[in-house]
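Welcome, and thanks for taking a look at this one.

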Amino acid sequence: MGSNRTKRYAAEFKQDAVALVEATGRTVTEVARELEVSPESLRAWYKQTRVDRGEGRPGELTSAEREELKQLRKVAAEQARTIEVLRKAAVFFAKENDR
């Protein structure tokens with residue numbers, strides 16, 4: 001049986017693979033087969049490259065925007081945890097003051 005793990009590729013490899021598609025005019029599937037990567041992966045890299053160059057559809061996020069969104073979600077989750085701790089502390093100290 002095959003592994004369910006996702007294979008990671010270096011950013012430079014992805015860029016080179018996309019450049020190969022663009023420079024040769026061959027299909028994504030042909031280049032993917034040659035490089036022994038899944039066509040779906042290469043297609044996603046190609047699409048993201050176009051979005052990063054401003055050639056995507058309105059509303060599609062660039063790689064930089066995706067990274068910023070990821071960081072903002074991380075900060076928001078951390079702030080939510082902090083707020084919950086502070087809320088519990090306020091309840092605890094309010095009960096202590098009532099005694």
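Helices α2 and α3 pack at an angle of about 120°, and their axes are 9 Å apart. The two helices are therefore oblique to each other. Please keep in mind as you read that this is a predicted model.

**How α2 meets α3**

- The crossing in which α2 passes α3 is right-handed.
- On the α2 side, the residues that meet α3 are V28, T29, V31 and A32. Their partners in α3 are P39, L42 and R43.
- Sorted by class, the contact of α2 with α3 has five nonpolar residues, one polar residue and one charged residue.

**How α1 meets α2**

- Helix α1 covers residues 11-24 and helix α2 covers residues 28-35. They pack at about 135°, with 10 Å between their axes.
- That angle makes α1 oblique to α2, since an angle has to be over 145 degrees to count as roughly antiparallel.
- The crossing of α1 and α2 is right-handed.
- From α1, the contact draws on F13, A17, L20, V21 and T24. From α2, it draws on V28, V31, E34 and L35.
- The classes in the contact of α1 with α2 are seven nonpolar, one polar and one charged.

**How α1 meets α3**

- The axes of α1 and α3 come within 9 Å of each other and cross at roughly 85°.
- That makes α1 roughly perpendicular to α3, because angles of 65 to 115 degrees fall in that class.
- F13, K14, A17, V18, V21 and E22 are the α1 residues here, and they meet L42, W45, Y46 and T49 of α3.
- By class, the contact of α1 with α3 has seven nonpolar, one polar and two charged residues.

**A residue in α1: L20**

- L20 sits in helix α1, and its neighbours in contact include V31, E34 and L35, leaving aside residues within four places in sequence.
- With a relative accessibility of 24%, L20 counts as partly exposed.
- L20 and R53 are 33 residues apart along the chain, and their C-alpha atoms are separated by 17 Å.

**A residue between helices: E36**

- Where can you find E36? Look in the loop between α2 and α3.
- E36 has a phi near 60°, which is a positive value in a residue other than glycine. Most residues other than glycine have a negative phi.
- E36 is exposed, with a relative accessible area of 69%.

- Helix α3 runs over residues 39-52 and holds Q48.
- Is Q48 buried or exposed? Q48 is buried, because its relative accessible area of 18% is under the 20% cut-off.
- Q48 touches L61, T62, S63 and R66, not counting residues up to four places away in sequence.
- With one of these, R66, there is a polar contact between side chains, at 3.2 Å from Q48.
- S41 counts as partly exposed, at 25% relative accessibility.
- The C-alpha atoms of S41 and S63 are 15 Å apart, and the two residues are separated by 22 residues along the chain. S63 is also one of the residues that Q48 touches.

How values were computed. Residues are numbered from 1 along each chain as its sequence is written. This is a predicted model: local features need pLDDT of at least 70, side-chain atom pairs count only at pLDDT 80 or more; totals for chains, interfaces and linings use all residues. Side-chain values use heavy atoms; hydrogens and water are left out. Axes are lines fitted to C-alpha atoms, for helices over the stretch in contact, and angles run from 0 to 180 degrees between N-to-C directions. Helices (H or I, at least four residues) and strands (E, at least two) are DSSP runs, numbered from the N terminus. Angles under 35 degrees count as roughly parallel, over 145 as roughly antiparallel, 65 to 115 as roughly perpendicular and the rest as oblique. A crossing is left-handed if the near helix is turned anticlockwise from the far one by less than a right angle, and right-handed if clockwise. Contact means heavy atoms within 4.5 Å. Ala, Val, Leu, Ile, Met, Phe, Trp, Tyr, Cys and Pro count as nonpolar, Asp, Glu, Lys and Arg as charged, and the others, Gly among them, as polar. Buried means under 20% relative accessible area, exposed over 50%, partly exposed in between (1.4 Å probe, protein chains only). A polar contact is a pair of N or O atoms within 3.5 Å; within protein, one must be able to donate a hydrogen and the other to accept it, and residues adjacent in sequence count only if both atoms are side-chain atoms.
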